[in-house]
Amino acid sequence: MIGLAYLWPTPGILEGPFSLSNLANLGVSVIFFFYGLRLSGDKLRAGLSNWKLHLTIHLTTFVVFPLVVWAALSVFGTDETRLLWLGAFYVAALPSTVSSSVVMVSIAGGNIPAAIFNASISSLIGVFLTPLWMGLFLSTGSGDYDLAGVIGKLALQVIAPVVLGILLNRWLGTWAERYKKALSNFDKIVILMIVYTSFCESFERRMFQSLTVLDLLVLGACMLCLFFLIYGFVNLISRLLGFNREDRITALFCGSKKSLVQGSVMVTVLFPANVVGIVLLPIMMYHALQLIAASVLAQALARRS
């Protein structure tokens with residue numbers, strides 16, 4: 001999609017009621033509606049008992065991650081890399097990924113029900129906390145960030161569909177579970193459309209002209225360091241809290257991963273179109289690198305058992 005946007009950006013920047021960007025925005029609302037449709041109240045209530053594990057995962061995901069990146073920004077941030085730091089902080093503010101977290105926990109021999117519960121809850125919490133973190137971050141750096149407008153757009157495009165889906169779960173939840181694979185394919189199509197239109201806009205406005213290959217390599221190295229730093233932190237906290245092996249594995253993989261799906265679909269709500277492409281770069285890199293690193297670590301843990 002990035003290559004196509006570079007070679008043929010025109011369809012992605014066309015305006016109109018049926019433009020690709022408008023269809024992608026509509027697709028975001030549909031994704032969150034189906035997400036709410038698959039959220040069962042019974043499953044959520046059943047998973048609440050292991051509260052130490054849940055707190056460890058969600059405090060790491062939504063508090064430790066952003067504070068670490070914010071601290072690094074205060075030391076290493078420059079005006080030239082401002083947009084990349086914005087993307088890096090966006091990575092830190094995102095919820096944990098769902099499917100790959102559960103897969104890694106399964107490979108390593110962790111607590112799979114707890115992984116499913118925490119990954120699902122993380123996505124729901126992220127709908128509210130990710131915009132709040134970004135509003136705080138952007139308001140600190142620039143006073144003209146319209147947090148009220150973003151929250152209004154978020155409520156209409158994301159929160160309302162999730163709530164509607166949850167309300168309809170009783171009648172349509174079974175149908176949503178039955179066609180989960182088809183709905184997942186729909187999610188992927190929407191994400192590809194968002195990536196294409198975002199990079200079309202960025203290439204058209206020449207947003208990447210100032211970035212060199214060295215900048216991209218340094219960004220990738222920083223994203224990998226961030227993953228291992230958080231992974232090490234969760235490992236230490238899990239041992240201090242006396243988690244058993246299964247719960248520690250669940251905390252490690254649910255607490256250190258970030259969701260490209262959520263990042264892709266919320267980026268159009270939170271940021272203006274002219275910076276979306278470059279803001280997406282860090283989460284795309286983090287997502288790819290976390291999959292490689294987590295798969296190696298999960299297999300190592302599985303062999304160790």
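What follows is a short chat about the core, surface, rings and charges of a predicted model.

Reader: Which residues touch the most other members of the largest nonpolar core?

Author: Tyr90, Met134, Phe253 and Phe271 do, in a core of 79 residues.

Reader: And which helix gives the most to this core?

Author: Helix H14, residues 276–304, with eleven residues.

Reader: What is Tyr90 in contact with, leaving aside its neighbours within four places in sequence?

Author: Tyr90 contacts Thr130, Met134, Gln262, Gly263, Met266, Val267, Leu270, Phe271 and Val279.

Reader: What is in the second, separate core?

Author: That core has five residues, including Phe33, Phe34, Leu37 and Leu183.

Reader: Switching to Thr268. Buried or exposed?

Author: Thr268 is buried, because its relative accessible area is 15% and the cut-off for buried is under 20%.

Reader: Where is Thr268 found, and what does it touch?

Author: Thr268 is found in helix H13. Not counting residues up to four places away in sequence, Thr268 touches Asn25, Val28, Lys153 and Ile194.

Reader: Now the outside. Which residues form the nonpolar patch on the surface?

Author: Met1, Leu4, Tyr6, Leu7, Trp8 and Leu192, with about 690 Å² of accessible area together. Helix H1, residues 2–7, gives the most to the patch, with three residues.

Reader: Take Tyr6 in helix H1. Why does Tyr6 count as exposed?

Author: Because the relative accessibility of Tyr6 is 58%, and exposed means over 50%.

Reader: Rings next. How many aromatic pairs does the structure hold?

Author: The structure holds 16 aromatic pairs. One of them is Trp70 with Phe89, an edge-to-face pair with 5.4 Å centre to centre and 80 degrees between the planes.

Reader: Which parts of the chain does the pair link?

Author: Distant ones: Trp70 is in helix H5 and Phe89 in helix H6, 19 residues apart.

Reader: How do Trp70 and Phe89 count on accessibility?

Author: Trp70 counts as partly exposed, at 22% relative accessibility. Phe89 counts as buried, at 0%.

Reader: What about the rings of Phe89 and Phe137?

Author: Those two are stacked, because their planes are at 10 degrees, with the centres 4.3 Å apart. The stacked label needs planes under 30 degrees apart. This pair also links distant parts of the chain, with Phe89 in helix H6 and Phe137 in helix H8, 48 residues apart.

Reader: Phe137, buried or exposed?

Author: Phe137 is buried, with a relative accessible area of 11%.

Reader: Which residues form one aromatic cluster?

Author: Phe65, Phe227, Phe228, Tyr231, Phe253 and Tyr286 form one.

Reader: Last topic, charges. How many salt bridges does the structure hold?

Author: The structure holds one. The side chains of Lys180 and Glu177 meet in it, at 3.6 Å from N to O.

Reader: Why do Lys180 and Glu177 count as partly exposed?

Author: Lys180 is at 44% relative accessibility, so it counts as partly exposed. Glu177 counts as partly exposed because its value is 32%.

Technical notes:
Residues numbered from 1 in each chain as written. Predicted model: local features only at pLDDT ≥ 70, side-chain atom pairs only at ≥ 80, totals over all residues. Heavy atoms only, no water. Core = buried A, V, L, I, M, F, W, Y, C linked by side-chain atoms within 4.5 Å. Buried < 20%, exposed > 50% of the residue type's maximum accessible area, 1.4 Å probe, protein only. Helix = DSSP H or I, 4+ residues; strand = E, 2+ residues; numbered from the N terminus. Contact = heavy atoms within 4.5 Å. Patch = residues over 30% accessible without salt bridge, like charges linked within 9 Å, V, L, I, M, F, W, Y side chains within 5 Å. Areas by Shrake-Rupley, 256 points an atom, 1.4 Å probe, with all protein chains shown as cover. Salt bridge = Lys/Arg side-chain N within 4 Å of Asp/Glu carboxyl O. Phe/Tyr/Trp six-rings, centres within 6.5 Å; stacked < 30°, edge-to-face > 60°.
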